[in-house]
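Biologist: Let us go through this model step by step. Please show it first.

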Amino acid sequence: MSESAREFIDFWVENSIHAVEQYQTAGASQDVAELTRRLVEVAKGQGISETDVRAEIGDIAAYIEELLRAVNKAESERRRPT
């Protein structure tokens, strides 16, 4: 697996995966299929194949779904009154 694919995925996640409370953020989405499609499309534009992405993270949709769960949980906990 190329280091550039991992770097790209990390960058894309940082800029594309947001908690549901951030819907005001331009481009924020909770739709796994849409985010999966976007990741593959943008990766291809950077010369990174879907095969390379899958080699790095496995099932792309499952990876994105898990990330969404994690950011939503963290945001929910952050907003919970103390």
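**How the helices meet**

Biologist: As α1 passes α2, is the crossing left-handed or right-handed?
Modeller: A crossing is left-handed if the near helix is turned anticlockwise from the far one by less than a right angle, and right-handed if clockwise. Helices (H or I, at least four residues) and strands (E, at least two) are DSSP runs, numbered from the N terminus. Where α1 passes α2, the crossing is right-handed.

Biologist: What should I know about the model itself?
Modeller: It is a predicted model, in which local features need pLDDT of at least 70 and side-chain atom pairs count only at pLDDT 80 or more, while totals for chains, interfaces and linings use all residues. Residues are numbered from 1 along each chain as its sequence is written, and side-chain values use heavy atoms, with hydrogens and water left out.

Biologist: In what order do the elements of the chain run?
Modeller: The chain has 4 helices and 0 strands. From the N terminus on, the order is α-α-α-α.

Biologist: At what angle do the axes of helix α1 and helix α2 cross, and what does that make α1 to α2?
Modeller: Axes are lines fitted to C-alpha atoms, for helices over the stretch in contact, and angles run from 0 to 180 degrees between N-to-C directions. The axes of α1 (residues 3-16) and α2 (residues 32-45) come within 11 Å and cross at roughly 135°. Under 35 degrees counts as roughly parallel, over 145 as roughly antiparallel, 65 to 115 as roughly perpendicular, and the rest as oblique. Therefore α1 is, relative to α2, oblique.

Biologist: Which residues in α2 do Phe8, Trp12 and Ser16 in α1 meet?
Modeller: Contact means heavy atoms within 4.5 Å. Phe8, Trp12 and Ser16 of α1 meet these residues of α2: Leu35, Arg38, Leu39, Val42 and Ala43.

Biologist: By class, how many residues are in the contact of α1 with α2?
Modeller: Ala, Val, Leu, Ile, Met, Phe, Trp, Tyr, Cys and Pro count as nonpolar, Asp, Glu, Lys and Arg as charged, and the others, Gly among them, as polar. The contact of α1 with α2 has 6 nonpolar, 1 polar and 1 charged residues.

Biologist: What does Val32 count as, by relative accessibility?
Modeller: Val32 lies in helix α2. Buried means under 20% relative accessible area, exposed over 50%, and partly exposed in between (1.4 Å probe, protein chains only). Val32 has 21% relative accessibility, so it counts as partly exposed.

Biologist: Leaving aside its neighbours within four places in sequence, which residues is Tyr63 in contact with?
Modeller: Tyr63 lies in helix α4. Its relative accessible area is 21%, so Tyr63 is partly exposed. Beyond those neighbours, Tyr63 is in contact with Arg6, Ile9, Val13 and Ile57.

Biologist: Across the chain, what percentage of the 82 residues is buried?
Modeller: Ala74, in helix α4, is partly exposed at 44% relative accessibility. In the chain, buried residues make up 29%.
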